[in-house]
Amino acid sequence: MDKIKLGMVGGGSGAFIGAIHRIAARLDNQYELVAGALSADPARAQQSAKDLGIAADRCYLSYQDMAEAEAARPDGIEAVSIVTPNHLHFPIAKAFLAAGIHVICDKPMTCSLHEAMELKELANNSGKLFVLTHNYSAYPMVRQAQQMVGEGLLGKLRLVQVEYAQDWLTTAAENTGNKQAEWRTDPKRSGPAGCLGDIGTHAFNLAAFISGLQLEQVSAELSTFVNGRVLDDNVHAMLRFEQGVRGMLWSSQVAPGNENGLRIRVYGSDGGLEWSQEQPNQLLYSPFSQPSRIISRAGYGYNAEPEHLVRTPAGHPEGYLEGFANIYTETAKAIRTARNGSSATDILANSLLPGVKQGVEGLQFINAMIHSSQNNGKWTALENVHELA
């Protein structure tokens, strides 16, 4: 099987998320990284390319040059991975879609709802795949939970409780030279949301993915606890889903003792499910009036599809890297299907891969949450919210 030629924008030496994406792309041997515009700093870009074994003539100093040159090469890249700060997602994705190259993009999709709507139209008209790396949706036990809910094992859904708590921004880390903190707390690079955009969107996506429900309204309070910080670092919200289902969401980056505490609980008339990202290989299933039971990845009771979600026997932990890898592997399958003339829109619609639909919903969620918070927690509908000023 031929490997898919992959390019990367961002993710130069020392970049956290770029390294994660490269590991994920390599894990199932589906891709070959052959080109990159790895940094805005020419020296760093060139050194990064050398370190990664990218040929000098395929190390680019701008994403515009890379999109144009790779599209013109007979051996050009078939897909690009975008791992830059948020404010660059839109122009880079736009350039590569226009060049006829599939896009794999870190979340959130864009910085604004206006950009998200435009990118959705561009992607749908391009005939190319646009995949958003909401990696938690590709954990095996998350897929198991989604499948169990879909099969009706919880009965009629009633409640969805989700949280994502961290502590790494408890103090002003952005003033200490921490580059990850610097851009995530800068509205020019992160967009109008801080904690909300960074990890709150993961919590929202997870709740929507497992429940299969559309979030309709939010009542939110965004707080900024660290003096001098411009963007939010703590979020509380009540949620109204379709079908009368109710929920709550908490995301925080100022909660000491929490590292990556993404956790969800879903309850229905016939039972409940609970999953925690820090214990990713176990799912707690509690049928009403029966003893609770733990379903483990690849263990008894596990039946999530497809088979590639599991790489090691039961009891051998899999998690964050493998979640990203599952996204990349499913995208590789989608790219090969698209080669045969299948519609990219249809391919994504018939898969569990997150795409422009989830990207737009993420920006609608961000805008509705901010609008609600600015209006003292007023219930705000996602579908009717307008672009923030």
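Which charged end sits over the ring of W379? The charged end of R240 does, 3.7 Å from the ring centre. A charge counts as over a ring if NZ of Lys or CZ of Arg is within 6 Å of the ring centre and within 35 degrees of the ring normal.

The model is predicted: local features need pLDDT of at least 70, side-chain atom pairs count only at pLDDT 80 or more, and totals for chains, interfaces and linings use all residues. Residues are numbered from 1 along each chain as its sequence is written, and side-chain values use heavy atoms, with hydrogens and water left out.

Helix 12 covers residues 356–374. Helices here are DSSP runs (H or I, at least four residues), as are strands (E, at least two), numbered from the N terminus. The 19 residues of helix 12 should span 27 Å at 1.5 Å a residue, and its end C-alpha atoms are 27 Å apart, which agrees. The expected span is 1.5 Å times one less than the number of residues. Of these 19 residues, 14 are buried, so helix 12 is largely enclosed by the rest of the structure. Buried means under 20% relative accessible area, exposed over 50%, and partly exposed in between (1.4 Å probe, protein chains only). N376 follows the helix with a positive phi, near 60 degrees.

Aromatic pairs number 7. Rings of Phe, Tyr and Trp (its six-membered ring) pair if their centres lie within 6.5 Å; planes under 30 degrees apart count as stacked, over 60 as edge-to-face and the rest as tilted. Y136 and Y320 have ring centres 6.3 Å apart and planes at 50 degrees, so this pair is tilted. Y136 lies in the loop between strand 5 (130–132) and helix 6 (140–150), and Y320 in helix 10 (residues 320–339), so the pair ties together parts 184 residues apart in sequence. Y136 counts as buried at 5% relative accessibility. Y320 is partly exposed, with a relative accessible area of 25%. F204 and F365 are stacked, 4.4 Å centre to centre with 5 degrees between the planes. F204 lies in helix 9 and F365 in helix 12, so this pair ties together parts 161 residues apart in sequence. Both F204 and F365 are buried. Ring pairs also link Y136, Y139, Y164, W275, Y320 and F324 into a cluster.
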